[in-house]
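Trainee: Can we go through the pockets and the ligand on this one? I have the model open.
Mentor: Go ahead.

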Amino acid sequence: MQLLKDRILKDGQVIGDQVLKVDSFINHQMDAQLMYEMGREFKRRFHSEKITKILTIEASGIAIACLAALHFQVPVIYAKKHQSVNLDKDTYQSSVYSFTKNTSYDVRVARKFLCKEDRVLIIDDFLANGNAATGLVDIVNQAGAEVVGVGIAIEKGFQPGRKVLEDKDIKVESLAIVESMNESKIKFK
Ligand code: 5GP
C-alpha cells in the first residue's frame with residue numbers, strides 16, 4: 001500500500017536494525033485517516049471472504065482493527081494482556097513470547113465473544129516472528145472457529161513470522177513489507 005510505505009519512509013525511525021518505530025502515526029500519536037485507508041485496503045484484500053469477527057491484541061492493534069471493522073461491518077475483539085475484574089473468568093487463553101521484552105505473557109479472550117460459527121480475521125500492527133499472531137490463532141482454534149486470514153500493517157520480511165503462519169496454511173496480507181532496514185535506509189519488497 002503506497003500511502004503507508006510513503007508514510008513509513010517519511011516518519012518511520014529505525015532503531016538498531018530490528019525495530020521500526022512508527023510512534024508518530026500508528027503506535028502513540030495516531031493518524032486515523034491513514035488507518036481508515038488501511039482498513040479499506042484490508043477489506044479489498046479479503047473482499048471475497050466471509051468474515052464475522054476481527055480479532056487483535058492490545059494495545060497497538062486496537063485502533064487499526066477498529067478502523068478496519070468500519071469497512072467489514074463486524075465486531076472487533078481484542079485479546080487482553082492483563083487479568084482484571086472487567087474480564088470474565090471464563091476465557092480462552094494463550095501464551096505469547098515477546099522477542100523485544102524477552103519474556104512470555106498470557107493473552108485472554110472471554111469465551112462468550114467467540115463461537116465455532118465465527119470466521120475470524122486477525123489484525124495486528126506488526127508481524128515479526130509471528131508469536132502474537134500465533135497466540136491469536138491458538139485462541140480462535142480453542143473456540144473451534146476458523147481463521148480466515150491475518151492482516152498486518154507492517155511486516156518485517158526479514159523475520160520469520162510469515163513462514164510460521166503460512167506453514168499453518170494461513171493467508172497473510174501485509175500492507176507494507178520491509179525487506180531490509182537500517183538507520184539510513186528502509187527498503188520495501
Ligand atoms: P511478533 O509476535 O510477530 O514477533 O511481533 C509482533 C508484535 O510485536 C506486534 O504486536 C508489535 O506490537 C510488536 N513489534 C514487533 N516488531 C516491531 C517493530 O519493529 N516495531 C514496533 N513498533 N512493534 C513491533
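Mentor: One definition before we start: a molecule sits in a pocket if more than half of its atoms lie within 2 Å of the pocket's grid points. Also, this is a predicted model.
Trainee: Fine. Which space is taken by the ligand?
Mentor: The ligand takes up the largest pocket, which holds about 780 Å³ of space.
Trainee: What lines the largest pocket?
Mentor: There are 31 lining residues, with Ser-60, Ser-98, Thr-100, Asp-125 and Phe-126 nearest the centre. By class, the lining has 15 nonpolar, 9 polar and 7 charged residues.
Trainee: Now the ligand. Which residues are closest?
Mentor: Of the 15 residues that surround the ligand, the closest are Leu-20, Asp-124, Asn-129, Gly-130 and Ala-132. That shell divides into 6 nonpolar, 6 polar and 3 charged residues. S7 has the largest share of the shell too, 4 residues.
Trainee: Which side chains have an N or O atom by the ligand?
Mentor: An N or O atom in the side chain of Asn-27 is 2.9 Å from a ligand nitrogen. For the side chain of Asp-125, the distance to a ligand oxygen is 3.4 Å.
Trainee: And what does the backbone of Asn-131 do?
Mentor: One of its N or O atoms lies 3.1 Å from an oxygen atom of the ligand. As for burial, the ligand taken alone exposes 500 Å², and the protein buries 82% of that.
Trainee: Switching topic, what volume does the second largest pocket have?
Mentor: About 190 Å³. It is lined by 13 residues, and Ile-77, Tyr-78, Lys-80, Ala-110 and Phe-113 are closest to its centre.

How values were computed: Residues are numbered from 1 along each chain as its sequence is written. This is a predicted model: local features need pLDDT of at least 70, side-chain atom pairs count only at pLDDT 80 or more; totals for chains, interfaces and linings use all residues. Side-chain values use heavy atoms; hydrogens and water are left out. On a 1 Å grid over the protein atoms alone, a cavity is a set of points where a 1.4 Å probe fits but cannot get out, and a pocket is an open set with protein on both sides within 12 Å along at least five of seven lines; lining residues have an atom within 4 Å of a point. Grid points are joined across faces, edges and corners, and a volume is the space filled by probe spheres set on the points. Ala, Val, Leu, Ile, Met, Phe, Trp, Tyr, Cys and Pro count as nonpolar, Asp, Glu, Lys and Arg as charged, and the others, Gly among them, as polar. A residue is near a molecule or strand if one of its heavy atoms lies within 4 Å of it. A polar contact is a pair of N or O atoms within 3.5 Å; within protein, one must be able to donate a hydrogen and the other to accept it, and residues adjacent in sequence count only if both atoms are side-chain atoms. Accessible areas come from the Shrake-Rupley method with a 1.4 Å probe; for residues, only the protein chains shown count as cover. Helices (H or I, at least four residues) and strands (E, at least two) are DSSP runs, numbered from the N terminus.
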